[in-house]
Amino acid sequence: MKILALLSLAGAVLAAVLLSASADPAVRVAPMDAVGPRSMEPQTQSSVIRDYLLAWQTLDSALTQNRPELLDAVFVGKAKEKLAETIQEQQTIGIQSSYRPRSHDIKVVFYSPEGLSIQLLDEVDYDVSVSRNKQLLGSEHVRTRYVAVLSPAETRWKVRVFQGGTP
Amino acid sequence: MKKRTPSLCALPMLLALCLTQLAAAQAEFRFPATVEAGSEFSVATSGSGEASLYIVGPGEALERKVQLGEKISFGAEDLHNAGHYVAILIAGASSRSVQFDVAASSRPGALGFLAKPSRLAVNRENGISGVVYIFDTFGNLELSPRDVSFQLADAIGGAQLRNATSREGVAFVQMNSAPKAGAAHFQAAVDGVHATRVIEQVPGDPCSIRMTARPAAGQRVRLQTDPVRDCGGNPVPDGTIVSFTETYGGRVSTVDVPLKRGVAQTELPAENGAVISAAAGVVLGNEIRWSGR
């Protein structure tokens, strides 16, 4: 009986690991050697991508749980204001939405001369679903482009502009 | 367009509901692929009965009760955040969804203008950078190319002009600091919308130092520089350190003196044959061999 319970637990853990692994989006990042006008240090290259991807995870958590305070860690300025307003609207309507990326194709296009802003374009593939009281209202698979502008904060890059839509 | 119609019709007890569903299943709606932020537009629907419309994106979330078969009208204030949206129409137990974009308004409304540094020395090539992010009146980044003009006007009426075209909502320039010290006004403008920043241009390092010496009371020599200026003729700020050095009989004595009213002055022991020099930063001034006169 004990063995069965252990096996069952191990199976559950394995399933959780596989599930989380499969949930990770595929990420492709274009080389940043030619990004300008300021050249990007390797550490900046990796941290800006890490923080941008974290922004997507945070976006999903905040809009799924309707918790605007989650935005503070990774969003700032207009991006944070707009997302917080959306969460407020979702609360008023009584809905939740989730944004689960399948893949990101990221290209950094601008690093300002003084080092205070980085702009990137992301051809992103994601699933969006809208639900009310855990009942699915609708879902769509989306492929579109996002423009993001990030600026440095105390410990990480924060997203200042976050705007989707085909140009 | 995605259709989702649960197969409830298989259950005879739900025949009435099934009929409602069939009516709803005929519901159609078509959004334009792109609408401009803050614009009025309408969407035609087909079918009959009541339905709920949800429009959801990271930028906005709204719900509308709609009458199928009638137009759904959106006012200027309804959708003003640019982004990619999903519209879901729910009629009975069926739902349909479409996607559309809200694009930034074509009228610039504000500029995010970052000018750096706020203070720098005169005559620095490409020392000043200006970065402009162009937003519409709703705070959406304007992604279509725009002509941006930059002007750096210095304190004595000179001005540098540069033009740039924005890409993906951003434009930047680099400019030289002026030869003359003073506050410069750095302005960026796009279609009548402008933003200005003040750049303080301060004198650079001393260009040369000229010193004179004359006897003073108590067997001492009084040393004084001419007004110290940078290579553009701007007075170097008070407080800049000038070092006076006297070498005599193998001994070296140095006195550091801050500029006061543009000049530095001090007294050193008057030793016949002593060599006295003055320096500030990397600039060495004239040398004086003291002979008592």
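Q: With which residues is A:Ala148 in contact, leaving aside its neighbours within four places in sequence?
A: Two residues are in contact if their C-beta atoms, placed from the backbone, lie within 7 Å. On that criterion, A:Ala148 touches A:Tyr52, A:Leu120, A:Asp122, A:Val159, A:Val161 and A:Phe162. This is a predicted model, in which local features need pLDDT of at least 70 and side-chain atom pairs count only at pLDDT 80 or more, while totals for chains, interfaces and linings use all residues. Residues are numbered from 1 along each chain as its sequence is written, and chains are lettered from A in the order in which they are written.

Q: How many residues has the largest nonpolar core?
A: A nonpolar core joins buried Ala, Val, Leu, Ile, Met, Phe, Trp, Tyr and Cys residues through C-beta atoms within 7 Å; buried means that 20 or more other C-beta atoms lie within 10 Å of the residue's own. Here the largest core has 93 residues, and A:Ala148, A:Val159 and B:Val132 have the most contacts inside it. Its largest share, eight residues, comes from helix α2 (residues 42-65) of chain A.

Q: Why does this core lie between domain 1 and domain 2 of chain B?
A: Domain bounds come from an automatic or database domain assignment. Both domain 1 (2-103) and domain 2 (108-202) of chain B contribute residues, so the core lies between them.

Q: In which sense do strands β17 and β18 of chain B pair?
A: Strands of a sheet pair through backbone hydrogen bonds, either parallel or antiparallel. Strands are DSSP runs (E, at least two residues), and two of them pair if DSSP finds at least two bridges between them. Strands β17 (residues 182-190) and β18 (residues 193-202) of chain B are antiparallel over nine bridges.

How values were computed: A residue is buried if 20 or more other C-beta atoms lie within 10 Å of its own, exposed if 12 or fewer, and partly exposed in between; C-beta atoms are placed from the backbone. Helices (H or I, at least four residues) and strands (E, at least two) are DSSP runs, numbered from the N terminus.
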